[in-house]
Amino acid sequence: LFGSMTLLSAFILAACGNGEKKATETTTASTTKAQTTTPGSSSRAKEISLADTQRIGNENFGYINIPKDWVVYNFKAQSSKTQSSKTLKYSSPDKHNMLLMESNTKDTVELGPNETFDAQLLADRLYSFWGKAKNQTSLEGVKAIFASEDAFLIKVTFKNGNILYEWVFQKGDKVYNITIVGSEDMIKALRPVLEQSWGLDPNIPG
């Protein structure tokens, strides 16, 4: 698990571009707007709704809706072995915003003598991991609801202005991690879409 988190941190540091300053709470809505900026252009409002999304994922990570123009992200610094099955990664065309999907079962996590495999254990480990990241400027952990499941939400702000939201929740015998990293505005716009669309059905959101 810690090896996976180290790769995740390296991926975020290598791939993130410019972002905003600080994350704020958003309310759930079926349609939201975000300000997106591309080199040489001014900010413009972009509306994100389910009609503007594609459904991605597999039976290992579950399925979720993301913007139609996002594509699979290939991180060249990782070996083909680590690229294969541990993490599913998508990014916006400019690679400034990314989504990562992971999952763990009891047999993939090393447990201590008095530890129990569950979402809180993995969330606590992730919180500790991000707390040691030298490039982060703020860290917060809160309870949340993700796809109608009780979840732990870790919020991280980085020195370069990027924001990371990571949801950790359990469904059945698996603990899932859904991570979005990038600008504050994109996270505001995508958050309700992610929270409402994740599920185990490849065809039906939620």
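I64 touches Q54, R55, I56, L99, M101, F146, I178, L194, S197 and W198, leaving out residues up to four places away in sequence; contact means heavy atoms within 4.5 Å. This is a predicted model, in which local features need pLDDT of at least 70, side-chain atom pairs count only at pLDDT 80 or more, and totals for chains, interfaces and linings use all residues. Residues are numbered from 1 along each chain as its sequence is written, and side-chain values use heavy atoms, with hydrogens and water left out.

**Nonpolar cores**
- The largest nonpolar core has 29 residues, and I64, L99 and F146 have the most contacts inside it.
- Such a core is a set of buried Ala, Val, Leu, Ile, Met, Phe, Trp, Tyr and Cys residues joined through side-chain atoms within 4.5 Å.
- Buried means under 20% relative accessible area, with a 1.4 Å probe and protein chains only.
- Elements giving two or more residues to this core include β4 (62-67), β7 (98-104), β8 (136-146) and α4.
- Helix α4 gives the largest share of this core, six residues.
- Another core, of 19 residues, lies apart from it; V109, F117, I154 and V156 are among its members.

**Strands β3 and β4**
- Strands are DSSP runs of E, at least two residues; helices are runs of H or I, at least four; both are numbered from the N terminus.
- β3 (residues 53-58) and β4 run antiparallel, joined by six bridges.
- Two strands pair if DSSP finds at least two bridges between them.
- A hairpin of three residues links β3 to β4.
- I56 stands opposite I64 in β4.
- β4 is mostly covered, with six of its six residues buried.

**Helix α4**
- α4 covers residues 184-197; at 1.5 Å a residue its 14 residues should span 20 Å, and its end C-alpha atoms are 20 Å apart, which agrees.
- The expected span is 1.5 Å times one less than the number of residues.
- α4 bends by about 35° at L190, and a proline, P192, follows within four residues.
- The bend is the angle between axes fitted to the seven residues ending at a residue and the seven starting there.
- Twelve of the 14 residues of α4 are buried, so the helix is largely enclosed by the rest of the structure.
- Among these buried residues are M186, I187, L190, P192 and L194.

**Helix α3**
- At the start of α3, a side-chain oxygen of D118 comes within 3.3 Å of the backbone nitrogen of Q120.

Notes. Buried < 20%, exposed > 50% of the residue type's maximum accessible area, 1.4 Å probe, protein only. Polar contact = N/O pair within 3.5 Å; in protein donor to acceptor, adjacent residues only side chain to side chain.
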